[in-house]
Amino acid sequence: MVNLVIVSHSAQLGEGVGALARQMLMGDGCKLAIAAGIDDPENPIGTDPIKVMEAIESVADTDHVLVMMDIGSALLSAETALDLLDPAIAAKVRLCAAPLVEGTLAATVSAAAGADIDRVINDAMNALDAKREQLGLPSSSVAKTAPAELSPDADARSVAVTVKNPNGIHVRPASRLVSTLSGFNADMWLEKNGKCVVPDSLNQIALLQVRCNDTLRLIAKGEQADAALAAFKQLAAENFGESVEGGRAESIAVPVPALATGTAFCHTPFSPQVTHRPTADVQDEQQRLKAAIQRTLDDLSDLTALAEEKYSADIAAIFSGHHTLLDDPELFDMACDLMREEQCSAAYAWHNVLRDLSQQYLQLDDPYLQARYIDIEDLLSRTLQHLTGESAHIPAFIRPTILVADVIYPSTVLQLDPLTIKGICLRAGSEASHSAIIAREMGLCWVCQQGATLDAIKMGDALTLDGIANRVILAG
């Protein structure tokens with residue numbers, strides 16, 4: 001485990017970088033401490049070796065502490081702090097030359113994912129590559145040698161492929177990748193532009209933001225490394241289980257109407273308020289969460305079968321991907337850690353872990369991957385229903401209906417009856433979401449991002465949706 005210390009001349013800068021870095025954290029995989037500015041109201045700009053030493057000591061309950069610094073005397077203060085520290089603690093400390101803001105964010109993500117100290121440093125040092133690439137500048141020499149440095153020894157081998165999936169490696173192809181590689185006895189890393197993740201977590205793979213035409217490399221070593229590399233290459237040749245014909249991964253089986261008319265039904269997705277409630281039996285709460293997750297996995301298996309029966313393999317793959325996403329031991333472990341540390345309920349811990357993950361998706365700059373946050377919210381809602389004993393459903397309708405909501409979960413859309421539900425109108429939402437993909441497959445008119453327009457709509461109003469212009473028309 002690697003913890004971080006941020007050293008800056010400016011207290012405001014240090015706190016700002018720390019606030020940004022904490023937005024990247026999921027669970028307790030990395031602790032942050034800040035040593036910024038000096039205690040002089042008239043001249044607050046500077047660095048203090050004592051502050052740096054105390055910051056390091058505050059996060060020294062780990063394998064390694066990585067110190068991120070801005071300029072000049074920040075390095076001198078960090079070096080002085082090393083001399084002042086107990087030798088046993090000083091031996092854990094590494095000083096990093098990466099840029100303070102970008103390097104700290106990259107190091108935080110890497111450390112929180114469980115990377116070792118060398119990989120965390122490598123990720124921090126390569127943090128500018130995404131910006132350089134976007135500006136059309138050549139990659140740094142450090143980035144070019146990153147994969148070799150990440151390999152524990154020279155025995156590691158690799159295969160690079162060009163991703164042809166129109167929407168990149170999002171949740172469904174990522175789930176195929178996780179399941180394909182999980183059976184091999186080998187140490188493996190997925191690498192894109194110098195950034196590496198271990199391919200045993202669907203969430204980490206999706207957050208790599210692998211887009212169409214990106215180069216993705218698998219690095220492997222161990223007894224079955226060659227077999228893993230061959231399977232990876234074959235999976236890439238099959239476009240990670242997706243069809244790429246027609247430029248999209250999803251086919252539309254039913255013509256989508258340009259207009260849809262019906263009576264408004266205002267729907268509120270199930271999302272209970274969860275508060276911090278102390279618990280005396282953490283072990284019991286952990287077992288309750290484990291059971292709730294298993295029931296949700298059973299739900300997802302049923303939804304996969306329903307989608308296959310009523311619609312298509314592509315739609316079924318959405319819920320199969322959700323199953324893989326939820327069946328991630330890392331998520332359960334993070335919730336258990338939170339329960340132990342805060343003596344809180346399973347619902348509170350699970351809510352925090354999955355909300356943090358959905359926020360990470362929302363902060364991505366790829367609109368298609370960003371839209372996957374609603375999948376996390378769907379899984380959270382279903383698991384909380386099992387934890388709380390509450391249930392949510394949409395009633396049956398006997399006349400043409402337009403479903404009006406802030407957002408809508410993919411599993412909710414799948415269970416709608418297209419004979420009576422004629423369209424979906426959302427305050428937020430996205431054309432790229434799985435909810436929209438399913439709705440189009442069902443032949444439903446889809447209108448989203450309507451914002452304050454929905455404030456005027458009441459239950460029972462007559463509505464017309466214009467799917468071409470993406471607007472809602474309120475009759476009268």
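Colleague: Among contacts in the protein between residues at least 6 apart in sequence, what percentage join residues at least 24 apart?

Modeller: In this predicted model, 72% of the contacts between residues at least 6 apart in sequence join residues at least 24 apart. The secondary structure comes to 19 helices and 14 strands, and of the 476 residues of the protein, 53% count as buried.

Colleague: How should I read a sheet here, and what is the order of the strands in the open sheet of four?

Modeller: As a general idea, strands of a sheet pair through backbone hydrogen bonds, and the pairing is either parallel or antiparallel. In this structure the open sheet of four strands runs in the order β5-β8-β6-β7, and its pairing is antiparallel. The edge strands, each of which pairs on one side only, are β5 (157-162) and β7 (195-197), and from one strand to the next the twist averages 25°.

Colleague: How many bridges join strand β6 to strand β8, and which residue of β8 is the bridge partner of Glu191?

Modeller: Strand β6, which spans residues 187-192, is joined by five bridges to strand β8, residues 215-221, and the two run antiparallel. The bridge partner of Glu191 in β8 is Arg217.

Colleague: Turning to the helices, at what angle do α12 and α13 pack?

Modeller: Two packed helices are described by the angle between their axes together with the distance between those axes. For helix α12 (residues 282-310) and α13, the angle is about 170° and the axes lie 7 Å apart. Since angles over 145 degrees count as roughly antiparallel, α12 and α13 are therefore roughly antiparallel to each other. Their contact includes Ile293, Leu297, Leu300 and Glu308 of α12, together with Ile315, Phe319, His322 and Leu326 of α13, among others. By class, the residues of this contact divide into 10 nonpolar, six polar and one charged.

Colleague: And how is α13 placed against α17, where I would like to know the angle and the distance between the axes?

Modeller: Helix α13 (residues 313-326) packs against helix α17 (residues 373-388) at an angle of about 70°, with their axes 11 Å apart. Because 65 to 115 degrees counts as roughly perpendicular, that angle makes α13 roughly perpendicular to α17. The crossing in which α13 passes α17 is right-handed. On the α13 side the contact is made by His322, Leu325 and Leu326, and on the α17 side by Asp375, Ile376, Asp378 and Leu379.

Colleague: How many residues of each class does the contact of α13 with α17 have?

Modeller: The contact of α13 with α17 has four nonpolar, one polar and two charged residues.

Note on methods
Residues are numbered from 1 along each chain as its sequence is written. This is a predicted model: local features need pLDDT of at least 70, side-chain atom pairs count only at pLDDT 80 or more; totals for chains, interfaces and linings use all residues. Side-chain values use heavy atoms; hydrogens and water are left out. Two strands pair if DSSP finds at least two bridges between them. Axes are lines fitted to C-alpha atoms, for helices over the stretch in contact, and angles run from 0 to 180 degrees between N-to-C directions. Angles under 35 degrees count as roughly parallel, over 145 as roughly antiparallel, 65 to 115 as roughly perpendicular and the rest as oblique. A crossing is left-handed if the near helix is turned anticlockwise from the far one by less than a right angle, and right-handed if clockwise. Contact means heavy atoms within 4.5 Å. Ala, Val, Leu, Ile, Met, Phe, Trp, Tyr, Cys and Pro count as nonpolar, Asp, Glu, Lys and Arg as charged, and the others, Gly among them, as polar. Buried means under 20% relative accessible area, exposed over 50%, partly exposed in between (1.4 Å probe, protein chains only).
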